[in-house]
Amino acid sequence: MSKVRVLVGTRKGAFILSADGTRKNWEVSGPHFAGWEMYHLKGSAVDPNRIYASQSSGWFGQIIQRSDDGGKTWFQPGTPPGEPTTTPDGMPKGESNKFVYDTSAETGKPLTTHQWYDGTQHPWEFKRVWHLEPSPRDPDTVYAGVEDAALFKSTDGGRSWHELSGLRGHGTGPQWQPGAGGMCLHTIAIDEKNPERIYIAISAAGAFRTENGGKTWKPINQGLQSQFIPDPNAEVGHCVHHVALHPARPDVLFMQKHWDVMRSDNAGDRWHEVSGNLPTDFGFVIDVHAHEPETIYVVPIKSDGEHFPLDGKLRVYRSRSGGNEWQELSKGLPEKDCYVNVLRDAMAVDKLDSCGVYFGTTGGQVYCSPDGGDSWAPIVRDLPAVLSVEVQTLP
Amino acid sequence: MIRVVLPPHLRTLSRTTGELQLEVAGPVTQRSVLDALEAQYPMLRGTIRDHVTLQRRPFLRFFACAEDWSHESPDTPYPAPIANGEEPLLIVGAIAGG
C-alpha cells in the first residue's frame with residue numbers, strides 16, 4: 001500500500017508526519033532543528049528520499065539542510081568546489097548557506113534598490129529562504145526563493161547557490177515593495193513538461209514567468225487589481241500570496257492574491273477573478289486537486305487586518321469548476337472560537353487515488369482530508385505555528 | 001588555547017557541548033578568533049558574521065572580561081585573560097528570543 005509523508009515547517013522546528021494510505025494512524029517525528037524557524041521543506045519528485053530544508057534564525061541567519069534518507073538524518077551539503085565535502089573530522093562545511101546576490105559584470109546587475117515601506121528606495125538585503133523547489137527531473141537541481149526577493153539555483157544538491165539575476169534585473173525592481181511578511185519570493189512553480197518554464201511570485205511585486213530557465217522574465221500581472229497601490233492595474237506591485245497549477249495543465253494558473261482569487265488560462269498573460277460566492281476572498285493558500293485539474297481549494301480569511309477565519313469557524317472552500325462556484329467544507333473543522341491563520345505555503349495535496357488535502361495553521365494544527373476535502377481530522381494539534389506543509393506520496 | 005562560549009543553537013549546529021577550545025595564530029582578536037572558529041567548525045560560517053562582508057550579525061554580541069567588545073574593531077587585541085585562556089570569550093544573542 002502507498003504511504004504519505006507530510007513535511008511540516010514551523011516557527012520552532014520541523015516535523016515529519018507519516019502514515020499509510022488510509023491516512024488514519026500517524027507517526028510524528030520531530031522536532032528536527034528544534035528552536036529554529038523552518039520556513040520550508042520539500043522532497044524531490046525523482047528521489048523522494050532527497051529532502052531539502054530551509055532553517056533560519058534572526059540571530060544566526062540562513063542554513064540549508066539536506067536529507068538523503070527521507071528525513072531520518074540531515075546534513076549541510078555545502079563545500080567549495082574541489083574541496084572535500086567534510087572537514088578532516090567528518091564535519092560538513094558551510095558553503096551551502098551562502099546566498100550572495102549576483103553583482104558580476106558578466107551575468108549580474110549592479111545592486112539595485114526596491115521600494116521600502118515608506119516609499120523610499122532601499123537596498124537589497126538577503127534575509128532568508130522562503131521556498132525550496134526541487135527540479136522535477138534532477139534531484140541535485142533545486143531552486144530557492146528568498147527574501148529580499150530573488151531566485152537562486154543550485155545544480156549540485158544544495159552545496160552552492162547562484163542567483164538567476166535576470167529576475168531582479170528585470171528593471172521593475174524599484175517598484176517592488178515588501179508585504180507585511182517582508183519582500184519574499186514565496187512561490188516557485190515549474191512546468192513539469194517543460195522545466196525551462198518557471199513561474200514565480202513575489203509579495204509585493206506580483207507574478208513572473210521565464211521561458212528560458214530563468215535568464216529572462218516577464219511580469220504576468222495583467223488583470224490583477226490592487227487598491228492599495230497608486231495604480232491598481234500596475235504592471236508590478238501586486239501582493240500575490242500564492243500561485244498553484246496542475247502539472248497536466250501548466251498553462252492554467254490559480255492565484256490567491258491579497259484580496260481576490262484569480263485564474264489564468266494562458267500561462268499568466270491575462271488573469272480574471274474567480275472569487276464567486278466565497279464569503280471573503282482574502283486568504284493565503286490555494287491548491288489544486290491531484291487528479292481533477294478544475295478542483296481547487298482555498299481557506300478564506302476575514303481580511304487583511306484580521307488574519308483569522310470568519311466568525312471563528314475554520315473552513316476550506318472547494319470549487320469543482322475552477323473557481324466562481326465554491327462549496328464550504330466544514331466536516332471535522334472547528335465550528336467556533338478558532339482564530340488561526342493558514343499561511344501561504346501551508347497547504348498541499350497527495351497523489352493517492354482518493355486525493356488527500358492537508359493544511360497547517362498558526363495554532364499548530366495540521367489537518368488532513370483523505371477524501372478530497374469532504375471530511376477533515378487533525379493529524380497533530382499542538383505544534384508551533386505552522387509555516388509550510390508539503391506532502392510526498394511514496395510507494 | 002583560548003576558550004569560546006557559543007549560544008546554544010550554535011552549539012547544536014556545530015555538534016559541540018560546553019566551551020570550545022581554539023588554537024589561534026598571532027594576536028588574539030575578534031577576526032582571528034572567528035577565523036579559527038570557522039576553520040574548525042565550517043558549518044558556522046555565516047552564522048556569526050556575514051559570509052562576504054564579515055560584518056558581525058546584528059543580533060550577536062561579543063563579551064570579554066565582563067565588557068562588551070561588540071563594537072571594537074575586529075583587529076583590536078582582546079585582553080590578556082582571553083588571549084591566555086584564563087577567561088572565555090562569550091558570544092551571545094543580543095536580545096531574548098521567543
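Before the details, a word on conventions: residues are numbered from 1 along each chain as its sequence is written, while chains are lettered from A and ligands numbered from 1 in the order in which they are written. Since the model is predicted, local features need pLDDT of at least 70 and side-chain atom pairs count only at pLDDT 80 or more, whereas totals for chains, interfaces and linings use all residues.

Let me start with chain A. Its secondary structure comes to zero helices and 29 strands, where helices (H or I, at least four residues) and strands (E, at least two) are DSSP runs numbered from the N terminus. Chain A has a radius of gyration of 20 Å, which agrees with the value near 21 Å that a compact globule of 395 residues would have; this radius is taken over C-alpha atoms, and the globule rule is 2.2 Å times the number of residues to the power 0.38. Along the principal axes, the C-alpha atoms of chain A fill a box of roughly 55 × 50 × 40 Å.

Of the 395 residues in chain A, 53% are buried. A residue is called buried if 20 or more other C-beta atoms lie within 10 Å of its own, exposed if 12 or fewer do, and partly exposed in between, with C-beta atoms placed from the backbone. Two residues are in contact if their C-beta atoms, placed from the backbone, lie within 7 Å, and among contacts in chain A between residues at least 6 apart in sequence, 50% join residues at least 24 apart.

Which residues have the most contacts inside the largest nonpolar core? That core has 133 residues, and the ones with the most contacts inside it are A:Val8, A:Tyr358, A:Val366, A:Val389 and B:Leu89. Here a nonpolar core means a set of buried Ala, Val, Leu, Ile, Met, Phe, Trp, Tyr and Cys residues joined through C-beta atoms within 7 Å. If we leave out residues up to four places away in sequence, A:Val389 touches several residues, including A:Val8, A:Tyr358 and A:Val366.

I turn now to two sheets of chain A. One is an open sheet of four strands in the order E17-E18-E19-E20, with antiparallel pairing; two strands pair if DSSP finds at least two bridges between them. Strand E17 (240-245) and strand E20 (272-273) of chain A stand at the edges with a single partner strand each, so one side of each is left without a neighbour in the sheet. E17(A) is joined to strand E18 (residues 253-257) of chain A by five bridges, and A:Leu245 stands opposite A:Leu253 in E18(A).

Another open sheet of four strands has the order E21-E22-E23-E24 in chain A, again with antiparallel pairing. Its edge strands, pairing on one side only, are strand E21 (286-288) and strand E24 (327-329) of chain A. Going through the pairs, E21(A) and strand E22 (residues 296-298) of chain A are antiparallel over three bridges, with A:Ile286 opposite A:Val298. Three bridges also join E22(A) to strand E23 (residues 316-319) of chain A, where A:Ile296 has A:Ser319 as its bridge partner. Finally, three bridges join E23(A) to E24(A), and A:Val316 is partnered by A:Leu329.

How do the chains meet? The contact involves 17 residues of chain A and 17 residues of chain B. On the side of chain A that touches chain B, seven residues are nonpolar, eight polar and two charged, where Ala, Val, Leu, Ile, Met, Phe, Trp, Tyr, Cys and Pro count as nonpolar, Asp, Glu, Lys and Arg as charged, and the others, Gly among them, as polar.

Chain B has three helices and five strands, which run β-α-β-α-β-β-α-β from the N terminus on. Its radius of gyration is 12 Å, close to the 13 Å that the globule rule gives for 98 residues, so chain B is as compact as a globular protein of that length. In helix H2 (residues 30-40) of chain B, the buried residues are B:Gln30, B:Ser32, B:Val33, B:Leu34 and B:Leu37, and what covers them includes strand E1 (2-5) and strand E5 (89-93) of chain B.

My last stop is B:Glu23, in the loop between E2 and H2 of chain B. Is B:Glu23 buried or exposed? B:Glu23 is exposed, with 9 other C-beta atoms within 10 Å.
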